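My notes follow in the order I made them.

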Amino acid sequence: QGALMDVVLSPTFAKDKAILNLADLDLSTADGQQRLAIRVDQAARTVCGDRLSGVHLAAEAKTQECRASVAADVRAQIEQRLARASTASGAKLASLR
């Protein structure tokens with residue numbers, strides 16, 4: 001189970017990727033899930049940027065679309081890793097969605 005995750009999305013507004021550190025999160029707790037949500041939002045802002053959102057409505061829409069896509073991609077990557085880990089350990093884990 002990896003503690004760091006590269007988040008990559010193209011085309012990007014700000015950066016090509018962000019690194020998400022999951023090592024200190026316990027996703028079985030509400031606190032851990034809340035911290036994950038905050039980190040996913042921060043990663044989306046890093047990848048997509050947020051400076052253009054107040055400039056023009058079309059730029060804001062693209063930024064929001066980018067953030068939603070990044071967040072969905074991160075959730076999918078985490079769920080895949082959790083599924084592999086649970087298969088290896090024989091445990092069942094709840095979905096992050």
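**Charge pairs first**

I began with Arg45, which forms a salt bridge with Asp41, the closest N and O atoms being 3.1 Å apart. The model I am reading is predicted. Both residues sit in helix α1, four residues apart, so about one helical turn separates Arg45 from Asp41.

How many salt bridges does the whole structure hold? My search found three. I noted a general point beside this: side chains of opposite charge can pair when their charged atoms come close.

Another of these links Arg35 to Asp31, with 3.0 Å between the closest N and O atoms. This pair is also four residues apart in helix α1, which means about one helical turn lies between Arg35 and Asp31. Arg35 counts as partly exposed at 43% relative accessibility. Asp31 is partly exposed, with a relative accessible area of 42%.

Then I turned to Asp24, which forms a salt bridge with Arg39; their closest N and O atoms are 2.8 Å apart. Why does this pair tie together separate parts? Asp24 lies in the loop between β2 and α1 and Arg39 lies in helix α1, so the bridge joins parts that are 15 residues apart in sequence. I checked the two ends. Asp24 counts as exposed, at 54% relative accessibility. Arg39 counts as buried because its relative accessibility is 19%, and the cut-off for buried is under 20%.

**Helix α1**

Next I looked along α1 itself. I counted 19 residues in α1. From its first C-alpha to its last, α1 reaches 27 Å, close to the 27 Å expected at 1.5 Å a residue.

Which residues of α1 are buried? I listed Gly32, Leu36, Arg39, Val40, Ala43, Ala44, Val47 and Cys48. Seen down the axis of α1, the buried residues fall within an arc of 150 degrees, so they line one face of the helix. Just after α1 comes Gly49, and I noted its positive phi of about 80 degrees.

**The disulfide**

I then looked for disulfides. The structure holds one. It joins Cys48 to Cys66, with an S to S distance of 1.9 Å. Which parts of the chain does the pair link? Cys48 is in helix α1 (residues 30-48) and Cys66 is in helix α2 (residues 57-89). The two cysteines are 18 residues apart, and the pair links distant parts of the chain. I wrote down a reminder: a disulfide is a covalent bond between the sulfur atoms of two cysteines.

Is the link left-handed or right-handed? The angle about the S-S bond is -80 degrees, and the link of Cys48 and Cys66 is left-handed. I looked up burial at both ends. Cys48 counts as buried, at 2% relative accessibility. Cys66 counts as buried as well, at 6%.

**The nonpolar core**

My last entry is on the largest nonpolar core, which has 17 residues. Which members touch the most others? I found Leu36, Val70 and Ile78. The elements that give two or more residues to this core are β2 (17-21), α1 and α2. In soluble globular proteins, nonpolar side chains tend to be buried together. Leu36 also stands in my list of buried residues in α1.

Technical notes:
Residues numbered from 1 in each chain as written. Predicted model: local features only at pLDDT ≥ 70, side-chain atom pairs only at ≥ 80, totals over all residues. Heavy atoms only, no water. Disulfide = S-S within 2.5 Å. Buried < 20%, exposed > 50% of the residue type's maximum accessible area, 1.4 Å probe, protein only. Core = buried A, V, L, I, M, F, W, Y, C linked by side-chain atoms within 4.5 Å. Expected span 1.5 Å × (residues − 1). Arc of directions from axis to C-beta. Salt bridge = Lys/Arg side-chain N within 4 Å of Asp/Glu carboxyl O.
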